[in-house]
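Let's take a walk through a protein model together. Keep the picture open while you read, and look for each piece as it comes up.

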Amino acid sequence: MKILIVDDEKPARDRLARMVSELQEHELVGQAVNGLEALGMAQSLEPDIVLLDIRMPGMDGIEAARHIARLDEPPAVVFTTAFSDHALEAFETHAVDYLLKPVKQDRLQAAMDAAVRPTRAQAAKSGDMLSGLEPRQHICARVRGSLVLVPIENIYYFHAEQKYVTVRHGEGEVLIEDALKNLENEFGDRFYRIHRNALVSLERLAGMHSDNDGHKVTFRDIGDTLEVSRRHLPGVRKIIKNL
Amino acid sequence: MPDNTENSITGTENTSYLPDFCDGDVFLRLLLVVELIAIAFALVSFGGGSLFVHLALISVAMLWVGLTTAAALCLMTRQGWLGDHLRTTLLVFGVAILMTLMVSFLSLALGEMMRYGPTAQNVGYTLTRNLSIAIILVGMALRYFYLHYESDMRLKVQAQARLQALQARIRPHFLFNSMNTIASLTHDQPALAEQAIENLSDLFRASLATEPSISLRDELALTRSYIELEALRLGERLEVEWRLPDNEPSLKLPALTLQPLVENAIYHGIEPLPEGGVIEIEIDETDDAIEIAISNPVVRENLANRRKGNQMALDNIRERLALSFGGAASLDLAESDTRYTIRLKIPRARNE
């Protein structure tokens, strides 16, 4: 099994690395220092198991696990933490185990055994498992080879074009590969479908105007406009009225 | 080692349950109470003639007994004759009875001369009456003093317990992360592991100490121990800049006041930053106070996830400062675009 260690503290990484090296059937493939780096390595190194610290700067372990769970073939996640908080949130990300630091060797072995068993089965039914996941706090996009995080509250809208979805946010836009349908399921509380190809942020919506081409919504602070389809018009009208 | 065992909870200088009769305020209040009782007696026992003469005679007699007794007790306290509670009680009764007898005989003699007051036939009755009144009043007064003393002690013990409870808070995350660091270093860098254990021990000893206050020098040493531990964990992400006066000011403050402020600064200002940052610790002296400023980088909101509870730590320190200094110490926050600063001001006067 290929193992990825994620922890922002070097002594903690060193210790886990040493302990993993003592487990015969496992191989350490990488070490990441925060959630974002972990996400990148989870995609590039394709580990089977990720040992993931919860409290980390930048993207923390729980958020990283939510992203990891949405990968095509997600590795098993085993959380490591110094103190038993966030346990509930942690398990909602479908982590297979939760280890307390300093981790004991036999406890690590047990977690690895547990992680090996369900990975395939987990991958197979990840579709319906996603529905139980908490929404992510960021959208993660690859820009010129490196990963970029966009906080959900900074996003104006998602706009689908052929293969990609454009994510328009406060500082520009990024492209992601995701289905608008999935995004709607995940962020339905904060975003509203106005067209077959667009989801808009309820917090960023400013108003609607109509011209010869039809109805268009406008946003706070930016000049972008997006077309509202006839089918979604009544719903959008209602929302605009309540703004 | 030997001096650590002598930490009694209460101070040693005043173990008597009596108020300090040498104190002017106490003395005046005693006068007032005795005079009020005299007025009550005069009203009860008034049987014709001039009320004022009657009141004056009773007042003179009672004040005389009260004042001489108080003066005697003041002297005895000074001389250290009071001893334990039983001895104190017996001495007070003894002195009061003696003074009552003296005053009674004097007033009898005076009365004989002035043809006023009790006559020789009922001397026995007068003495018995005066002594009974004296014993009852002294008994009531002592009971009152004792109850007052008890509730005072209880409050003191409670305040002490509160102070200790507030002091003994080490973040569990910090403890277990440190343990994990030590577990890791034990293998590769045993010398560093040893040093980490020493530092952790210092911090625990301070958090378990019964002595509520500590010198600034020791608090600074504790803070350094703490920073060394965090530096092992955070590596290059943690940078600390000290700006101390040339001579370390001598000052006492509640133990673990500065360290938790630095802990907060690291927890909220350094840990959430992937690239880390600088903590600045600056101590300034003015004539009447010492000002300690601790600052950390401001962390953008979207990085500060899952990090709450700043308020609780600050409230805790505020409460301890209030318990130790009344309103004279202060803890203020200031935020600029880039830095978050906490200013702790501790008065000097009460320490020196």
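This is a predicted model: local features need pLDDT of at least 70, side-chain atom pairs count only at pLDDT 80 or more; totals for chains, interfaces and linings use all residues.

Residues are numbered from 1 along each chain as its sequence is written, while chains are lettered from A and ligands numbered from 1 in the order in which they are written.

Chain B has nine helices and seven strands. Here helices (H or I, at least four residues) and strands (E, at least two) are DSSP runs, numbered from the N terminus. Of its 352 residues, 26% count as buried, meaning that 20 or more other C-beta atoms, placed from the backbone, lie within 10 Å of the residue's own.

Now find helix 6 (residues 190-208) and helix 7 (residues 216-234) of chain B. Their axes come within 9 Å and cross at roughly 135°; axes are lines fitted to C-alpha atoms, for helices over the stretch in contact, and angles run from 0 to 180 degrees between N-to-C directions. That is why helix 6 and helix 7 of chain B are called oblique to each other: angles under 35 degrees count as roughly parallel, over 145 as roughly antiparallel, 65 to 115 as roughly perpendicular, and the rest as oblique. Where do helix 6 and helix 7 of chain B meet? Leu192(B), Ala196(B) and Leu203(B) are among the residues on the helix 6 side, and Leu222(B), Tyr226(B) and Leu229(B) are among those on the helix 7 side.

Over in chain A, strand 8 (residues 155-161) runs antiparallel to strand 9 (residues 164-169), and six bridges join them. (Two strands pair if DSSP finds at least two bridges between them.) Ala160(A) has Val165(A) in strand 9 of chain A as its bridge partner. Strands 8 and 9 of chain A make a hairpin with two residues between them, and Gln162(A) in the turn has a positive phi of about 40°. Strand 8 of chain A is also joined by three bridges to strand 12 (residues 198-201) of chain A, again antiparallel. There, Tyr157(A) stands opposite Val200(A).

Finally, how many residues of chain A are in contact with chain B? The count is 16 residues of chain A, which meet 24 residues of chain B; contact means C-beta atoms, placed from the backbone, within 7 Å. Helix 1 (residues 10-21) of chain A gives the largest share of the chain A side, six residues.

Definitions and conventions
Two residues are in contact if their C-beta atoms, placed from the backbone, lie within 7 Å. A residue is buried if 20 or more other C-beta atoms lie within 10 Å of its own, exposed if 12 or fewer, and partly exposed in between; C-beta atoms are placed from the backbone.
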